[in-house]
Amino acid sequence: MANIKFTGVHKSFGANKIIKNFNLLGKEDEFLVLVGPSGCGKSTLLRMIAGLEKIDEGEIFINDQKINELHPSKRQTAMVFQSYALYPHMNVYENMSFGLKIEKRPKEEINTKVMQAAKILKIEELLERKPKQLSGGQRQRVAIGRAITRNPKIFLFDEPLSNLDAALRAEMRVEISKLHNQIKTNMIYVTHDQVEAMTLADRIVILNQGNIEQVGTPEEIYNDPANIFVAQFIGTPKMNVLEINEKNVISESSIKLLGNEIQFDKLKFNKSKHFVGIRPEHLKSNQKTQYSFNPEIELIENLGNEKIIYLKQDEYQLSAKISSNLQISNSIGFDVKDVFVFDQNGKRIQS
């Protein structure tokens with residue numbers, strides 16, 4: 001078991017500041033997911049933990065041991081890359097055992113660890129095959145198996161599923177989650193895929209331009225987003241965010257929105273600009289709600305079990321997600337409990 005702590009970590013490439021004063025405490029046996037748009041610094045953080053990138057400022061600790069200057073081989077971490085990074089001339093057994101051979105471990109110990117990892121990942125029958133004889137999912141299992149044999153304190157995953165097709169990604173998400181439950185070791189997982197983040201994580205760290213926007217459980221991130229960036233990053237389709245100007249403010253606690261006067265409890269609107277957010281799944285069709293409006297339906301996407309409806313109301317463009325079992329009508333409704341309010345800087349003030 002291990003915990004990891006970042007204290008005031010900075011990282012720049014030339015004049016480009018990638019990580020800015022990063023502070024975080026990872027808990028023991030936690031599945032921690034770093035998620036954010038491309039270029040936000042999540043892979044750089046992973047590489048600094050592994051020792052593949054130097055830290056400009058700050059400190060990283062594993063179990064209270066400072067690892068800034070520790071050689072990568074001494075950090076007791078194992079990394080699974082986006083590219084499988086398998087040796088093409090070696091078979092699966094040789095790939096999985098290579099790190100242990102470099103460490104000059106006894107043959108019996110090497111064999112035991114490789115066979116244990118192969119059993120966990122259900123690849124015992126693949127041990128004699130070369131990487132070119134494997135599917136993408138099988139290669140990824142081998143790469144994970146190679147990490148397991150190292151018996152690390154912390155697993156590092158750098159977008160390991162991005163090269164797989166959608167069905168295989170879903171399957172491998174389940175396998176990685178089962179693996180975490182089985183071996184009870186810290187895992188730090190980098191992705192830009194919010195579905196992976198929501199389904200795998202004990203806690204999610206949402207990054208934007210090297211800064212932490214929010215840290216929380218998937219439920220906290222979804223139900224209690226700190227700002228517009230988080231609110232729109234998590235959820236598909238993204239949250240509808242509508243600008244509210246001074247002319248839309250009726251009183252301190254009520255606004256005009258989508259043709260309705262919306263009344264809020266314990267909220268005071270001032271004369272500055274605000275933003276209101278409603279998730280597409282909270283817009284209802286043919287259901288009883290507090291408020292409703294009659295938008296123009298511009299497009300309907302049929303996804304099988306659900307439909308995405310693209311709407312236009314006044315100057316606003318919105319999307320709604322409804323079950324395919326429900327009849328679509330021109331009347332779209334919502335409840336005030338599902339409305340998020342953000343201030344002029346995008347920080348949430350009420351949901």
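Predicted model: local features only at pLDDT ≥ 70, side-chain atom pairs only at ≥ 80, totals over all residues.
Me: Before anything else, what does "buried" mean here?

Reply: A residue is buried when its relative accessible area is under 20%. At 13% relative accessibility, Glu159 counts as buried.

Me: Where is Glu159 found, and what is its phi?

Reply: Glu159 is found in the loop between β7 and α5. Its phi is positive, about 45 degrees, although Glu159 is not a glycine.

Me: Which residue in the loop between β13 and β14 can I read by the cut-off, and is it buried or exposed?

Reply: Take Leu258, which is found in the loop between β13 (254-257) and β14 (260-263). Leu258 has a relative accessibility of 3% and therefore counts as buried. Leu258 is not a glycine either, yet has a positive phi of about 50 degrees.

Me: Now sheets. How many strands form the sheet that holds β3 and β9, and in what order?

Reply: The general idea is that strands of a sheet pair through backbone hydrogen bonds, in a parallel or an antiparallel way. Here six strands make an open sheet with mixed pairing, and the order is β6-β7-β8-β3-β9-β10. β6 (77-80) and β10 are the edge strands with a single partner each, so one side of each has no neighbour in the sheet. From one strand to the next, the twist averages 15 degrees.

Me: Which helices pack on that sheet?

Reply: α4 packs on the sheet and touches β6 and β7 (154-158), and its direction makes about 175 degrees with that of β6. Helix α5 (residues 166-183) also packs on the sheet, touching β3, β7 and β8 (186-191). The direction of α5 makes about 160 degrees with that of β8.

Me: How does β9 pair on each side, parallel or antiparallel?

Reply: With strand β3 (residues 31-35), β9 pairs in the parallel sense over four bridges. Leu34 has Val205 of β9 as its bridge partner. With strand β10 (residues 211-216), β9 runs antiparallel, and five bridges join the two. In that pairing Ile204 stands opposite Gly216, and Ile206 stands opposite Gln214. The hairpin of β9 and β10 has two residues between the strands, and Gln209 takes a positive phi near 55 degrees there.

Me: How many residues of β9 are buried, and which lie on each side?

Reply: In a regular strand, side chains alternate between the two faces of the sheet. In β9 (residues 203-208), six of the six residues are buried, so the strand is largely enclosed by the rest of the structure. Arg203, Val205 and Leu207 are buried on one side, and Ile204, Ile206 and Asn208 are buried on the other.

Me: Which strands form the three-strand sheet, and which of them stand at the edges?

Reply: The three-strand sheet is open and antiparallel, in the order β16-β21-β17. β16 (284-285) and β17 (291-293) stand at its edges; each has a single partner strand, so one side of each is left without a neighbour in the sheet. β16 and β21 (residues 332-334) pair over two bridges, and in β21 the bridge partner of Lys284 is Gly333.

Me: What describes the packing of α2 and α4?

Reply: A pair of helices can be read by angle, axis distance, handedness and contacts. Helix α2 (residues 92-102) packs against helix α4 (residues 136-149) at an angle of about 30 degrees, and their axes are 8 Å apart. The crossing is right-handed. From α2, the residues Val92, Asn95, Met96 and Leu100 meet Val142, Gly145, Arg146 and Thr149 of α4. By class, this contact has four nonpolar, three polar and one charged residues.

Me: Which residues touch the most other members of the largest nonpolar core?

Reply: In soluble globular proteins, nonpolar side chains tend to be buried together. The largest nonpolar core here has 44 residues, and Val33, Met96, Ile144 and Tyr189 touch the most other members. Leaving out residues up to four places away in sequence, Met96 touches residues including Val114, Ala117, Ile123, Leu127 and Val142.

Me: Last, which residues does a cis peptide bond join?

Reply: The cis bond joins Thr236 and Pro237, with omega about -10 degrees. Pro237 sits in the loop between α8 (228-233) and β11 (240-244).

Conventions: Residues numbered from 1 in each chain as written. Heavy atoms only, no water. Pairing = 2+ DSSP bridges. Buried < 20%, exposed > 50% of the residue type's maximum accessible area, 1.4 Å probe, protein only. Axes fitted to C-alpha atoms, helices over the stretch in contact; angles between N-to-C directions. Left-handed = near helix turned anticlockwise from the far one by under 90°. Contact = heavy atoms within 4.5 Å. Nonpolar A, V, L, I, M, F, W, Y, C, P; charged D, E, K, R; others polar. Core = buried A, V, L, I, M, F, W, Y, C linked by side-chain atoms within 4.5 Å.
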